[in-house]
Structures are given as structure tokens and as C-alpha cells.
Amino acid sequence: MTATLEERPAARENAGGTPAIDRAEGWRRRGPLLPALIFTIIVTQIPFILTLYYSLQSWNLVRPGSQEFVWFSNYLDVFTDSQFRTVALNTVVMTLGSVLIAVVLGLLLALLLNRQFVGRGVVRTLLITPFLITPVAAALLWKTVLLDPTLGLINFVLTPFGGSGTEWISNYPLASVMAALIWQWTPFMMLLLLAGLQSMPTDQLEAARVDGASAFSTFRELTLPHLRRFIELGVVLGTIYLVNIFDQVYMMTQGGPGVASANLPFYIYQRAFLGFDIGQSAAMGVVVVILTLIAANFALRLIFRSFSGEQEAA
């Protein structure tokens with residue numbers, strides 16, 4: 001009887017595994033991931049901690065010996081800076097405007113490519129091409145080939161209508177940068193929405209046709225709800241990327257005239273590498289990172305809720 005009672009805990013331990021063995025197995029599984037984790041911490045978290053440290057200091061590189069702790073004074077200067085508010089508004093307009101217009105154009109092109117016609121593969125390849133061009137090359141293409149007031153193709157096309165000689169970049173700097181961004185990001189939205197269209201069950205569309213539903217009604221009641229999660233995903237991914245763009249602003253307008261076309265990354269670059277104000281530029285960087293994380297977290301929660309809702313409905 002005693003032996004039987006003693007064997008029962010041992011049997012339970014062998015069945016469930018001892019804590020030491022479970023921990024060893026856990027570390028054995030996580031071990032290959034440790035180098036990647038350490039590398040990620042080194043290249044992301046340590047620089048951010050240093051940025052936090054510099055944001056609490058008054059430090060201008062053109063004034064040697066000016067480095068001193070001012071604590072949160074730089075953050076107060078950031079929120080009272082009128083130019084920072086203007087640039088923040090430019091960033092919101094540039095990012096959301098470019099993303100939303102790219103989504104609408106991408107949806108129209110996806111609806112076109114979802115139909116059968118001769119040369120569809122060639123058209124799809126040509127439409128994808130802008131997304132494959134590097135941002136610097138795309139910005140130079142728009143600045144020198146399309147928007148140049150003397151030799152630009154847009155002014156050449158508009159010459160019969162009295163539009164020659166228009167200084168697009170000087171007169172419409174923010175719109176010019178947005179045009180380049182929309183041109184480059186429309187193919188991404190098109191591919192994403194085309195994948196959504198091709199994943200839609202055909203029996204629903206056939207049933208709608210049999211019931212006599214019009215093309216617009218079918219699109220509004222069936223296609224658009226099905227594409228909702230794909231549209232949300234495209235908006236979130238495009239916003240996360242475009243809020244950090246630098247190449248197009250730097251190559252096309254240099255943020256000018258004044259700060260009319262500057263966004264937050266370029267304005268931080270100006271303060272750090274042209275104004276040599278390390279403390280204030282670091283504070284701006286911290287504020288931008290925190291606001292971006294809050295917006296991205298909110299948007300990702302909406303997407304996860306949408307996808308989980310679709311799975312539960314299925």
C-alpha cells in the first residue's frame with residue numbers, strides 16, 4: 001500500500017513533466033531566437049533610450065560646452081512651436097490624403113484587372129512597375145521629367161489648354177509631393193484589393209445576378225463589405241510607411257517654400273543636421289514616435305477585430 005502511494009506522485013511527475021525539464025525545453029526552443037532578439041534590442045531600443053537622454057538636454061553643436069540638463073523644457077518648446085504644428089498638419093494631410101486617394105485608385109484598377117480581357121497580364125505588370133522604383137528615383141522622375149516648368153511632360157500636355165510654364169513644385173509643393181506618393185503607392189493598394197476580390201466566393205455574385213441585382217448594388221452590398229478588411233489593412237500599412245517618408249520631400253521640395261511641404265521626419269532632420277539643435281530634435285523625435293505608436297496600436301486593434309469577426313462569422 002505504501003509503495004502504491006509513493007508511486008502515484010512519481011507517475012504524475014512523469015506524465016506532466018518536472019518544472020526543470022519544462023524550463024529546459026522552453027529555453028531550448030527559444031534559444032535560436034535570442035540572437036535576433038538581442039540584435040533588435042541593440043539597433044532599436046538602445047538608440048531610443050539615447051534619444052530620450054538627449055531630449056532632456058539643451059545641446060547645440062555650434063555652441064561647444066552648451067550641453068546641460070533642462071529636463072522637460074525641450075518638450076514644452078516643441079508643443080509651443082508654431083512651425084512644428086504646421087509641419088504636423090502637413091504630415092497628416094500628406095499621409096492620409098495620399099493613402100486614401102491611393103486606395104480609391106487602387107480599388108478602381110483592381111476592379112478593372114478582376115475582369116477577363118486580352119493583355120491583362122501585361123497591363124498588370126505595367127501597373128505594378130511604379131511600386132518597384134526606388135523612392136529617390138521616383139522623386140527625381142517627378143521633379144525633372146513630369147513637373148519641370150520648361151521641359152516637363154505635364155506642362156507639354158497642358159500647353160494647348162494654356163497651362164504651359166506652370167511652376168508646379170513652387171506653387172503647389174505639398175500637392176506635388178502627394179502626387180508622387182500616390183503614383184508610387186497605388187499599385188500596392190491595387191494588388192492588395194485584387195487579392196481580396198479574387199478571394200470572394202463566386203456563388204454569391206452569381207446569386208445576386210440571378211436575383212436581378214444591378215452592378216452597383218452588388219458592389220455596394222457584397223463586394224465592398226468583403227473588401228473592408230483589405231481596405232483597412234492597406235490604409236494601416238500605407239499610413240505607417242508614409243508617415244515616415246523622407247526621400248520625396250528632400251529630393252523634390254526640400255520642405256519649402258518655408259515649411260509648406262515639410263513633414264515631421266524632414267523637420268526633425270532640419271533641426272538636427274542643419275540647425276544642430278540635438279536636444280530639441282531628439283524631443284521632437286520622441287513625440288513623433290509616441291504619437292505614431294498610439295495611432296498604429298489603435299489601427300491594428302481595429303484590423304485584428306475585423307479579421308477575428310470574419311473568422312467567427314465563418
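Buried here means under 20% relative accessible area, exposed is over 50%, and partly exposed sits in between (1.4 Å probe, protein chains only). This is a predicted model, where local features need pLDDT of at least 70, side-chain atom pairs count only at pLDDT 80 or more, and totals for chains, interfaces and linings use all residues. Residues are numbered from 1 along each chain as its sequence is written, and side-chain values use heavy atoms, with hydrogens and water left out.

Q: How many salt bridges does a search of the whole structure find?
A: A salt bridge needs a side-chain nitrogen of Lys or Arg within 4 Å of a carboxyl oxygen of Asp or Glu. One of them joins Arg228 to Glu232 at 2.9 Å, N to O. Searching the whole structure gives a total of three.

Q: Which residue forms a salt bridge with Asp81, and are the two buried or exposed?
A: Asp81 sits in the loop between α4 (73–80) and α5 (82–113) and its partner in helix α14 (residues 264–274), so the pair ties together parts 190 residues apart in sequence. Helices here are DSSP runs (H or I, at least four residues), numbered from the N terminus. Both residues are buried. With the closest N and O atoms 3.0 Å apart, the partner is Arg271.

Q: Which residue's backbone oxygen lies 2.8 Å from a polar atom of the Asn263 side chain?
A: Asn263 is in the loop between α13 (247–252) and α14, and is buried at 1% relative accessibility. Leaving aside neighbours within four places in sequence, its contacts (heavy atoms within 4.5 Å) include Val87, Thr91 and Met94. The backbone oxygen at 2.8 Å belongs to Ile245.

Definitions and conventions. Helices (H or I, at least four residues) and strands (E, at least two) are DSSP runs, numbered from the N terminus. A polar contact is a pair of N or O atoms within 3.5 Å; within protein, one must be able to donate a hydrogen and the other to accept it, and residues adjacent in sequence count only if both atoms are side-chain atoms.
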